[in-house]
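Biologist: Could we go through this structure together, one part at a time? Please keep the answers plain.

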Amino acid sequence: MEIMSFNILLAVLIIAPVVFGVVAYLSPDKLRSMSIILCSVIVAAAGIMITIKPNNQFELPGSEMIATILEVAIVGIILYIAVTIRNWLILLMSLAQLGMIIAEIILAQTGHAVTHSYDFATDPLTKILILITSIVGPIIAVYAIGYMKSHQEHAPPTAASLGQFFFFFIAFLGFMNGLVMANNLKWFSFFWEATTLCSYMLIGQDGGESKKNAERALLINTFGGLAMVAGALWLAVENKTESFEGLLAAKAVIPMVLLCVAAFTKSALLPFQSWLLGAMIAPTPVSALLHSATMVKAGSYLVLRVTPGFHDSPKVMMVITIIGALTFAGAALLAVTQSNAKRVLAYSTISNLGLVVACAGIGTPLAYAAALAIICFHAISKGLLFLCVGRIEQKIGSRDIEDMGGILYRMPVTTSVALIGMMSMLLPPFGMLLSKWMAIEATIRSPLILVFIILGSALTVFFWSKWIGRIQTSSYHPKFNKESIDPAMGFSLITLALGVLLTGLGSMWIFNKFFAPITKQVFAGRTDISDVLWNVFNAAGDFAAVTLFVAVGIAFIAYWLLVWRRFKETDVRLPFLCGENAESTVYTTSAFHNSEGIRSYAFRSMGDKIENSWSSTTYLKNFICEKKATIWLNIIAWVIIIILLGEAHLL
Amino acid sequence: MFNAVSKSPWVVHFNCNSCNGCDIEFLACLTPHYDVERFGILHIGNPKHADVLVVTGSVNNRNARVLQNVYNQIPDPKVVVAMGVCTSSGGVFAGCYNILGNVDLVIPVDVFVPGCPPRPEAMIDGIVKAVGILERKRKGEIFPTAPKPLCKFKPSEEQSAEKTAIKEEKTV
Amino acid sequence: MMDKINWTQWIIIAVSLVAAPFIGALIAGLDRKVTARMQGRKGPPVIQPFYDIIKLFSKQPVALHKLQILYAFLHLVFMMLVVVFLAMGQDLLMILFAHAFSTICLVLGGMSVRSPYSRIGSLRKIMQMLAYEPILILIIVAIYLQTDSFLASSVMSMSKPMLCSMPLLFLAFLSAVAIKLNKSPFDVSTSHHAHQEIVKGITIEYAGPYLGIIEIAHFYETAILFFIIMMFWQTNLYIGFGLETLAFLAILILDNTFSRLTTTWMLKYMWSIPLFLSIANIIWLWSK
């Protein structure tokens with residue numbers, strides 16, 4: 001009975017989204033929203049239930065056959081797309097992929113025995129990913145209902161139908177769930193390609209320009225798919241196994257490196273970052289989905305899945321760490337130069353994924369726990385931030401950070417939620433900061449990585465605080481505007497904001513309750529981990545995060561008692577503009593309200609003419625140019641990738 | 001200890017329409033020879049942090065509003081010290097086409113320091129006097145006076161009559 | 001963690017919380033006095049900062065809006081938290097993060113108002129953070145390399161003075177202290193003197209008691225920095241005190257000989273010479 005219900009949950013998590021996706025595709029608008037909400041509830045419930053249940057495995061009779069057919073089918077679809085868009089590079093790579101799959105089939109037919117292992121399994125790492133996919137994902141889907149309603153009104157005529165959009169959107173969740181639970185590499189490759197396909201369709205939703213960016217995403221991810229299938233083939237031929245278990249048991253370095261390269265493409269690490277930046281052209285819920293719940297998390301999941309157990313080949317692990325650390329610092333540097341909100345978010349995602357990969361490469365208990373923590377906290381915060389930016393963009397009609405001054409008054413709910421999200425990315429006592437702290441402590445023994453991570457963290461603080469500073473800029477208002485939010489969007493924003501706050505409040509508790517046991521489980525029986533490393537790990541768990549809350553609490557209470565309650569309108573003054581303020585010198589409601597410029601300060605110049613001056617934020621333009629820096633970083637990253645392949649004796 | 005206000009008066013300096021004579025003399029107070037910092041007096045260019053507003057020069061149509069704005073931005077308790085003869089009567093500029101006249105047409109002045117320009121010793125003395133008033137204001141012995149409304153800045157008939165009279169004198 | 005603290009530690013925490021601002025204020029007073037003497041002036045009394053603070057709290061609480069003040073409170077409270085953490089001998093990286101958070105609060109407070117001076121000052125403050133933060137982290141790394149622990153209390157367990165093993169880091173740290181104390185040529189975001197380029201920079205829109213709060217936080221910060229300088233000779237506190245005096249005079253001479261330079265210059269300087277010195281020191285420690 002126990003096994004039975006596990007199988008059902010498994011089926012629900014993978015198949016239900018696809019089925020509901022078909023329903024959403026076929027049904028009219030009203031019914032579609034209903035089916036999306038229903039699907040969200042079901043998936044979220046199943047996700048929570050499967051996490052509560054003990055770890056389990058599942059074997060599908062004849063799964064070899066089904067998986068191969070599905071894989072061939074999905075590569076076939078990509079081939080078809082490559083032909084229709086006339087991209088010969090994609091065509092070539094998918095043909096190679098198809099060839100390898102067929103080679104594998106022929107090998108199996110000619111009696112090359114491959115140890116068969118179970119197809120799907122849950123373990124703590126999987127469970128964390130399932131929780132993210134099946135809780136954050138549906139919340140974004142609900143948000144998309146509200147968002148796409150107004151998006152479709154302004155969409156270009158080339159845009160695909162809403163039905164198609166939601167089919168791929170929801171099916172994505174199912175594929176992602178399948179991906180994290182798959183133990184068999186055949187199934188894994190199928191889900192891998194399926195997510196690639198979904199992301200291609202979603203990025204190209206609006207047609208026109210977006211088609212080009214979708215094509216690039218497909219190109220890079222097909223390259224990753226090729227590496228993945230090559231790795232699987234190698235594993236089957238050399239080590240006679242096709243599961244992650246077998247891979248870890250055989251300590252097969254070459255397939256591991258190939259899988260890692262596949263993971264880098266999906267996680268958009270340097271030098272593969274361009275597809276994720278191009279993907280910003282898609283409607284915002286898609287970006288949110290790609291960045292927080294699905295796509296890029298698949299890459300970091302794969303790295304975390306395959307790297308433990310390869311401490312015998314320290315050089316390979318070192319190179320993987322360097323790629324991660326370089327991405328962390330490089331993407332943060334590029335983010336500093338951006339004024340486009342969505343690009344800043346994209347670079348920040350890439351940067352954090354780099355940190356995850358770096359932590360996975362270091363391979364100490366503390367680093368592993370830090371990687372888990374980053375994946376988790378990042379998913380919630382980044383999802384929330386994308387939703388906020390999407391709403392702000394729809395409201396003010398711009399995604400330029402400089403245009404976001406004064407929105408605290410115009411849309412207080414969204415802006416406060418966005419502020420919570422941004423602060424959770426860098427400030428104590430939220431989880432991201434704690435995980436970054438652990439990452440620094442974990443890398444302390446390798447100075448090169450450490451310097452990268454220190455510079456990266458400094459730059460991260462820089463670009464976030466610039467942005468936070470901009471959106472909270474406002475004049476005095478006795479009362480905030482009332483904000484009308486579409487119920488679906490409002491629900492998602494508030495739920496995710498609560499999620500961020502709660503996980504932030506309980507970050508140390510979550511660490512000790514979940515991440516620490518998982519890490520101990522993963523590293524159990526490892527003799528190469530010295531006592532010093534375990535001491536550092538335990539010391540991190542002992543940290544009294546409660547002191548941070550006490551400090552914040554004291555500040556807020558003191559503020560409320562001493563300032564908020566006693567605040568008088570007569571104490572309000574204008575900013576100092578050398579006395580040349582355009583507003584009336586004494587406080588009146590109307591004078592202050594009219595002055596709510598979006599980004600400028602009004603002052604009186606010659607002849608009492610009212611002029612607007614505007615001080616922009618620094619983008620370090622005289623230090624770095626995005627284009628040049630990208631080229632150099634890509635060159636360095638490619639060199640490191642080639643070194644990685646060389647270290648694995650592939651070249 | 002409790003008359004700390006009088007021990008750390010921070011000064012903001014506003015040049016209305018001055019010939020810069022007073023300003024140079026005022027800045028001389030900061031030099032080693034006079035060293036006003038020994039009284040805790042700091043010259044900060046910002047009304048938000050200031051206790052004492054030092055005004056030099058006479059008020060004209062353009063800067064009356066600015067002067068009042070700067071005055072309003074100083075938190076209470078505050079005092080105004082008007083340096084030089086221009087601030088009390090318009091000085092040599094009195095009767096110019098653009099001149100309104102003395103500073104206390106626009107903001108309440110606590111201390112006038114005469115001279116053209118006043119000597120630094122006189123200026124320091126003026127500030128010290130003003131600090132005494134500041135202390136009494138803090139204790140509530142003197143109530144702060146509100147600035148005069150801006151509509152007064154258009155020269156009244158009386159004033160313009162005076163001005164024409166002066167002009168006639170000059171032409172004669 | 002809380003339950004592990006015994007009453008002596010509580011007393012240490014309480015004493016350091018009360019004493020730190022007084023020490024900071026005295027250092028600030030000495031600073032003004034010595035600067036005046038260097039310029040051939042008599043200068044204000046040493047307890048002048050106390051007068052200033054008392055005066056600021058008797059002024060009208062003028063503000064631009066409510067949110068701005070919250071950041072001043074957070075700034076102060078997290079600076080106090082740094083003192084608490086140091087007194088408890090907590091994790092050094094966490095201390096650094098709490099300190100960075102405190103500074104970021106000041107920056108956000110400066111950015112939350114629609115004032116160009118305040119905004120430019122805030123941006124420069126972030127640039128200052130960008131300039132000195134790596135050096136502070138590298139000092140912590142150096143301590144870890146010698147003691148295998150991140151705890152501040154582990155510094156006391158070292159048998160040799162820290163200055164002997166990290167002389168280059170000490171030089172780099174002096175630059176960082178000069179930035180933190182807003183001394184020329186690094187006083188780009190705000191300064192104690194009447195440099196009127198961006199008026200008062202980051203603190204321009206805080207007035208009266210709110211400025212007082214920020215000043216007190218600054219006193220805490222000064223005390224923390226000088227405590228860390230003293231820790232470079234942790235085996236003998238008298239020599240540590242001498243080291244502190246030397247550092248104090250060195251920074252004042254620097255302050256009085258330079259004028260304010262640009263942020264770009266500061267960033268280039270800090271990311272070249274001091275960072276290079278620190279990394280050299282780290283590599284030396286690492287290879288030992």
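This is a predicted model: local features need pLDDT of at least 70, side-chain atom pairs count only at pLDDT 80 or more; totals for chains, interfaces and linings use all residues.

Biologist: Where does the domain assignment place the two domains of chain A?

Modeller: Domain 1 of chain A consists of 1-52 + 60-295, and domain 2 of chain A covers 307-562. Their centres, taken over C-alpha atoms, are separated by 25 Å.

Biologist: Let us turn to chain A as a whole. How many helices and strands does its secondary structure have?

Modeller: Chain A has 26 helices and 4 strands. Its radius of gyration is 25 Å, close to the 26 Å that the globule rule gives for 651 residues, so chain A is as compact as a globular protein of that length. Along the principal axes, the C-alpha atoms of chain A fill a box of roughly 90 × 60 × 55 Å.

Biologist: What percentage of the residues in chain A is buried?

Modeller: Of the 651 residues in chain A, 56% are buried. As for contacts in chain A with a separation of 6 or more, 81% are between residues 24 or more positions apart.

Biologist: Why is H7(A) described as largely enclosed by the rest of the structure?

Modeller: The reason is burial: 19 of the 19 residues of H7(A) are buried, so this helix is largely enclosed by the rest of the structure. Helix H7 of chain A runs over residues 185-203 and reaches 26 Å from its first C-alpha to its last, close to the 27 Å expected at 1.5 Å a residue.

Biologist: A change of topic: how many residues do chain C and chain B bring to their contact?

Modeller: Chain C contributes 25 residues and chain B contributes 18 residues. On the side of chain C that touches chain B, H2(C) gives the most, with 5 residues. That side of chain C has 10 nonpolar, 8 polar and 7 charged residues.

Technical notes. Residues are numbered from 1 along each chain as its sequence is written. Chains are lettered from A and ligands numbered from 1 in the order in which they are written. Helices (H or I, at least four residues) and strands (E, at least two) are DSSP runs, numbered from the N terminus. The radius of gyration is taken over C-alpha atoms; the globule rule is 2.2 Å times the number of residues to the power 0.38. A residue is buried if 20 or more other C-beta atoms lie within 10 Å of its own, exposed if 12 or fewer, and partly exposed in between; C-beta atoms are placed from the backbone. Two residues are in contact if their C-beta atoms, placed from the backbone, lie within 7 Å. Ala, Val, Leu, Ile, Met, Phe, Trp, Tyr, Cys and Pro count as nonpolar, Asp, Glu, Lys and Arg as charged, and the others, Gly among them, as polar. The expected span of a helix is 1.5 Å times one less than its number of residues. Domain bounds come from an automatic or database domain assignment.
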